[in-house]
Amino acid sequence: MAGKKSALDPEVLRKFSFFASFSRDQLEEIARTAPKAACKMGEVVFRQGDRSATMYLILKGAVKIEREDSAGGIISVGQLSTHQVFGELAMLSKEPRQATVTVTKNAEFLVIDRKMMLSIIAKSAPEEIIEVFSVLSEQTRAANDREFKETLSRRTIEAQMEVEKQRALTQLVAGVAHEINTPLGVINTAVSIMARELAEPREITTQRAADIAESLELMRRNVERAHRLVQDFKKVSVSQLMDEKDTFDISEAIKETVDLVMVSLKRNQIQVKFHDKLSPNQKKWTGYRGFLSQILINLLTNIERYAYPNGSSGSVDVKIELENDTHYRLSVTDYGKGIAREHQTRIFEPFFTTGRSVGGSGLGLTIVHNLVKNAMKGEIRLTSEVGKGTTFKIILPKVIVE
């Protein structure tokens with residue numbers, strides 16, 4: 001943060017509610033003696049817990065205010081821009097900062113410390129002092145209201161996310177149960193053929209031996225198929241519930257999840273192709289199998305619901321490749337309806353959905369966004385064109401560091 005002193009029109013200070021009632025002489029003193037500070041986007045002005053007795057007037061630019069709760073979660077207290085003030089409570093109380101302030105747009109501040117403010121207040125009329133504390137009280141009340149609403153919204157989203165996770169598992173259970181019926185039916189038929197052949201005390205001819213061998217081979221293949229389905233489901237479901245970081249084959253984890261979701265999708269004639277562009281020595285990933293499967297399940301379920309609605313057929317390409325030496329790029333592409341341009345900026349917002357009538361909760365992509373950004377320390381990008389389809393590109397670090 002760079003500090004400097006330069007001429008400032010005192011009347012600019014009247015645009016700040018904090019100083020609206022101050023006299024011209026008081027405003028001139030502030031404009032003459034208070035230093036300016038410039039901050040670039042992304043720079044932290046101060047952190048929660050810091051001790052400093054200064055307040056900041058935003059002359060230009062914008063900041064965001066965030067607070068960490070007792071559980072380590074980040075609560076958004078608000079966004080401030082030109083002609084707004086922050087840091088006044090700590091300046092007057094000398095208590096540690098209650099939040100972290102980060103610049104979101106290149107900013108310039110007027111910085112007022114406790115000594116300067118007390119000197120100005122000491123020269124003020126009683127009405128002016130009352131007005132200052134009235135504004136302070138209103139700002140405190142507004143900040144508390146914002147924090148309460150943010151906390152309530154966050155807890156609601158957390159509860160809904162758990163519901164969505166359980167719903168995804170339920171869909172997998174139903175799909176796997178339906179799919180297992182096919183190999184079990186084949187096995188049952190093969191057993192009936194063998195029982196019929198062996199029940200008759202006839203000579204084992206070459207033909208009879210061939211029929212029995214064919215039945216045994218059918219049984220073997222379908223037992224393997226059922227076993228694979230159960231094992232894949234076990235890995236995906238257990239990892240979703242545990243969410244533990246591990247080192248494993250990322251391509252294998254993606255294929256297991258895609259294979260399970262395909263059980264449901266193919267009933268609507270949606271074909272999913274997995275394109276593994278990683279070499280054997282690039283596949284070891286230190287991350288969260290459960291989060292990865294949840295992301296894929298939500299994206300593929302969304303495609304079924306929105307890209308190819310009402311049972312319309314279509315195709316999906318899932319691809320894993322290297323983004324660079326330190327990151328993977330996971331792409332999920334459909335060729336369906338696409339997303340309207342006016343909806344694309346809101347697609348990750350909680351509870352935003354165009355499919356409420358078909359069971360959409362508006363949280364599927366919010367979950368995906370939160371998992372990618374917060375749990376996986378990655379990025380997610382959307383490109384879509386109406387009538388041509390949608391691609392989600394997810395950039396994940398090869399090693400997720402806490």
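I am working with a predicted model, where local features need pLDDT of at least 70, side-chain atom pairs count only at pLDDT 80 or more, and totals for chains, interfaces and linings use all residues. Residues are numbered from 1 along each chain as its sequence is written, and side-chain values use heavy atoms, with hydrogens and water left out.

I searched the whole structure and found 8 aromatic pairs. Rings of Phe, Tyr and Trp (its six-membered ring) pair if their centres lie within 6.5 Å; planes under 30 degrees apart are stacked, over 60 edge-to-face, the rest tilted.

I looked up Tyr56 and Phe109 next. They pair edge-to-face, at 5.8 Å centre to centre and 75 degrees between the planes. Tyr56 is in strand β4 and Phe109 in strand β7, 53 residues apart. Strands here are DSSP runs (E, at least two residues), numbered from the N terminus. Both Tyr56 and Phe109 are buried. Buried means under 20% relative accessible area (1.4 Å probe, protein chains only).

I then checked Phe248 and Trp285. This pair is edge-to-face too, with 5.5 Å between centres and 80 degrees between planes. It joins strand β8 to strand β10, 37 residues apart. Phe248 counts as buried because its relative accessibility is 5%. Trp285 is buried, at 0%.

Which residues do ring pairs link into a cluster? I noted Phe46, Tyr56, Phe86 and Phe109.

Last, charges over rings: NZ of Lys or CZ of Arg must be within 6 Å of the ring centre and within 35 degrees of the ring normal. Arg97 lies over Phe46, 4.0 Å from the ring centre. Arg289 has its charged end over the ring of Phe248, 4.4 Å from the centre.

Technical notes: Helices (H or I, at least four residues) and strands (E, at least two) are DSSP runs, numbered from the N terminus. Buried means under 20% relative accessible area, exposed over 50%, partly exposed in between (1.4 Å probe, protein chains only).
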